Amino acid sequence: GRSAEAVKEFRAENPCPATGNTRGACRGWEIEHTGPLCAGGADRASNMTWMRKEDHKAKTRRDLKICRELRALPKRDE
């Protein structure tokens with residue numbers, strides 16, 4: 001899941017590209033983790049970015065494919 005506190009911190013430091021606001025709707029834009037959570041990306045502001053909705057959908061499809069491939073790899077003994 002996504003940390004509400006991390007999103008709040010991200011928005012405080014990175015206003016909406018469409019409006020310049022740090023709160024409220026950001027029409028056409030979404031916050032995305034640059035390193036996918038399912039691949040070990042951190043759920044913190046430093047791992048977030050603004051993406052246009054269309055680009056976010058495409059990245060999510062790529063991320064899910066990568067994560068499925070990672071889950072299919074044999075587990076390493078530690």
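## A pocket, a helix and a core

About 170 Å³ of space lies in the largest pocket. A pocket is found on a 1 Å grid over the protein atoms alone: it is an open set of points where a 1.4 Å probe fits, with protein on both sides within 12 Å along at least five of seven lines. Its volume is the space filled by probe spheres set on the points, which are joined across faces, edges and corners.

This is a predicted model, where local features need pLDDT of at least 70, side-chain atom pairs count only at pLDDT 80 or more, and totals for chains, interfaces and linings use all residues. Residues are numbered from 1 along each chain as its sequence is written, and side-chain values use heavy atoms, with hydrogens and water left out.

**The pocket lining**

Lining residues have an atom within 4 Å of a pocket point. Among them are Arg 2, Glu 32, His 33, Pro 36 and Asp 63. E1 and helix H2 (53-72) each give two or more residues to this lining. The largest share, four residues, comes from H2. Helices (H or I, at least four residues) and strands (E, at least two) are DSSP runs, numbered from the N terminus.

His 56 is one of the lining residues. His 56 lies in helix H2. At 12% relative accessibility, His 56 counts as buried. Buried means under 20% relative accessible area, exposed over 50%, and partly exposed in between, with a 1.4 Å probe and protein chains only.

**Helix H1**

Helix H1 spans residues 4-13, and Ala 6, Val 7, Phe 10 and Arg 11 are buried there. Seen down the axis of H1, these buried residues fall within an arc of 130 degrees, so they line one face of the helix. The arc is that of the directions from the helix axis to the C-beta atoms. The face turned away carries exposed residues, including Glu 5, Lys 8 and Glu 13. The buried residues of H1 pack against strand E1 (29-33) and strand E2 (48-52).

Contact means heavy atoms within 4.5 Å. The table leaves aside neighbours within four places in sequence.

| Residue | In contact with |
|---|---|
| Val 7 | Arg 2, Ile 31 and Met 48 |
| His 56 | Glu 30, Ile 31, Glu 32 and Met 51 |

**The core**

The largest nonpolar core has 10 residues, among them Val 7, Phe 10, Trp 29 and Trp 50. H1, E1 and E2 each give two or more residues to this core. The largest share, three residues, comes from H1. A nonpolar core is a set of buried Ala, Val, Leu, Ile, Met, Phe, Trp, Tyr and Cys residues joined through side-chain atoms within 4.5 Å.
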